[in-house]
Each structure stands twice: as C-alpha cells, then as structure tokens.
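Please look at the sequence and the fold together while reading. The paragraphs below go from the whole chain to single side chains.

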Amino acid sequence: MSESAKRSEVICPVCMHHCRLKPGQQGICRARTNENGTVVCGNYGQVTSLNLDPIEKKPLRVFHPGSLILSVGSYGCNLRCPFCQNHEISMADEASLVSRAMSPEELSERALKYRPVGNLGVAFTYNEPLVGWEYVRDTARLVRGLGMKNIMVTNGSAELAVLEELLPYIDAMNIDLKGFRPEYYRKLGGDLETVKAFIARASRDCHVELTTLIVPGENDDFSQMKEEAAWIASLSPGIPLHVTRFFPRYHMTDREATEVQRVYDLAAFAQKYLNYVFVGNC
C-alpha cells in the first residue's frame, strides 16, 4: 500500500472494533463510512422501521408502565448474533433495503403528534442505534425540548465517549447483556468488558434495564447466571433484569427453543440477587 493510501485511512472511534477504513469503505456495522478522510454516519436519518409500541415491548417494565413509545429503527449493527430477530435491517446496508429519510425535526414532531394518545416520546431500537449515534443525539435533544422522553434499546457495545454524548438526553435504556463469558461475546463479535463498562456508566445517570436471552448450550448454566446477577447487584440490586427465551432463527436453527422451565429457574436464581427479574418469550 502506498504512503498516500495509508494516510487516507481513518479509524472509526465508535466501538471496540476500531475499524480501519480505506476511502469509501464501510465499517463492520455497515452504517459508518470513510468519506474523504472522515468517518461519517451513513444511516443518519434513514428510517427503515417506525411504529407506536407499548413500552413493555422494549422491554421496559419499571419505567412509565402502560405508556406508548414511538419506536424508530434504521440499519446496521456492530455485532453478528446468529439468532438476531431483526437481521433484515441489522445485517443490511443502505443498498440492500428500502429506507425513508426523516430528519430529527420531522421525527420529533411525529412523536409530539402522538402524545395525545399516550406516546411518551421516542425509542431508538430495532437495529443497533449506537452505530448511528449522531442521529440519536440530534433527535433526542429535540424530543427532550418538547418535554418528552427518549429511550434507547442497545447492545451497549460502544466506547464511553459515545455514551457521554448521549447521556444528557436519554431517559431510559434497555441494554442487552448477552451472557457473562468473554468467549461467548467473542462468538457474537463483541467484547464483554466493553458492555460491562457501558452498563456501569449508564446506570449512574439513566434508568437502565437489562435483557439476557437464554440460548441452550451457550449461556443457560446457573454458574454464569450467578456471576451475572451478582455483578449487576454490585452496581445496584434495583436494576431490572429480563430473562428471555430463545427461539431458533436466522443462522441459529441448529437447536430447539429454550425449555420454559429453564428460563423460569434461571430467573428465580437471579432473584436471589436482584429486586426485579422478569421472564420473557415464555
């Protein structure tokens, strides 16, 4: 590679991958690109999904229960979970799907329009919102200015500098804690310590609820749940944990759905450490 080509490469600072991008190259997330020596958010304002959801679907159970939330998604993700339920958009890029341009102003006004029917604000969800964090920040600032709430549903796989940009405007998060073994996170293309640091920081200034999907043969043992629940409790026993049932999908169809009793047993085990434990998908 020539010296000029090397000089035109840039490193994306958003997540633990620190993708080194040549001009025009996309990162692992498929949402960030090197344009003329600058990493830009290619999915900024590109909306693939928009729906008014019950807040419990995020899932959030200890944050304004009974409310509705305008949920918005784009495309891209920086993990590669083989069981992803939204892979049609999370594993896509702009060229492979249909999206609609929606400015922060338009989205925030749309949220306000639905306020009379019980809308609390905006939830950034469906794909991974942190790969397009600039849009989250710009929209959330406007939503907050309208007196409404902002929610983020995320895998927590980002550098703390990104989180600091968002925390002033985010009222609640549901963060995936996919397991409590570094080797399991590596299988998913992630890093456990990055997620732990993200959760620890977010929980100091934001309402945080966590979700762990119980995948047979991967993270369904009691020793792992004991370590996870004890660590969460060390931050605060009041952090809610959602223990949810796996169903085969996408690239992981080689095993059956998690046994319902196993999910309930793991949830009961976590309750020894945590005040709020909820079961999902059962």
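What follows describes the overall dimensions, the sheet, the helices that cover it and the aromatic pairs.

This is a predicted model, in which local features need pLDDT of at least 70 and side-chain atom pairs count only at pLDDT 80 or more, while totals for chains, interfaces and linings use all residues. Residues are numbered from 1 along each chain as its sequence is written, and side-chain values use heavy atoms, with hydrogens and water left out.

The protein has nine helices and 14 strands, where helices (H or I, at least four residues) and strands (E, at least two) are DSSP runs numbered from the N terminus. Its C-alpha trace spans about 55 × 50 × 35 Å along the principal axes. For 282 residues, a compact globule would have a radius of gyration near 19 Å, which agrees with the 19 Å of the protein; this radius is taken over C-alpha atoms, and the globule rule is 2.2 Å times the number of residues to the power 0.38. Buried residues make up 53% of the 282 residues, buried meaning under 20% relative accessible area, exposed over 50% and partly exposed in between, with a 1.4 Å probe and protein chains only. Of the contacts (heavy atoms within 4.5 Å) with a separation of 6 or more, 69% are between residues 24 or more positions apart.

Eight strands form an open sheet of mixed pairing, in the order S6-S7-S9-S10-S11-S12-S13-S14, two strands being paired if DSSP finds at least two bridges between them. Strand S6 (49-54) and S14 stand at the edges with a single partner strand each, so one side of each is left without a neighbour in the sheet. Within the sheet, strand S10 (residues 149-154) and strand S11 (residues 172-176) pair in the parallel sense over four bridges, and methionine 152 stands opposite methionine 173 in S11.

Which strands does helix H9 lie across? H9 lies across S12, S13 and S14, running at about 165 degrees to S13, whereas helix H7 (residues 192-205) lies across S10, S11 and S12 and runs at about 160 degrees to S11. For these angles, axes are lines fitted to C-alpha atoms, for helices over the stretch in contact, and angles run from 0 to 180 degrees between N-to-C directions.

In H9 (residues 260-270), the residues Val263, Leu266, Ala267, Phe269 and Ala270 are buried. Seen down the axis of H9, they fall within an arc of 160 degrees, so they line one face of the helix; the arc is that of the directions from the helix axis to the C-beta atoms. The buried residues of H9 pack against strand S12 (207-214), helix H8 (222-235), strand S13 (241-245) and strand S14 (277-280).

The structure also holds five aromatic pairs; rings of Phe, Tyr and Trp (its six-membered ring) pair if their centres lie within 6.5 Å, and planes under 30 degrees apart count as stacked, over 60 as edge-to-face and the rest as tilted. The rings of phenylalanine 83 and phenylalanine 246 have centres 6.5 Å apart and planes at 85 degrees, so this pair is edge-to-face. Phenylalanine 83 lies in the loop between strand S7 (68-73) and helix H2 (87-90), and phenylalanine 246 in the loop between S13 and H9, 163 residues apart; both are buried. The rings of phenylalanine 180 and tryptophan 231 have centres 5.8 Å apart and planes at 45 degrees, so that pair is tilted.
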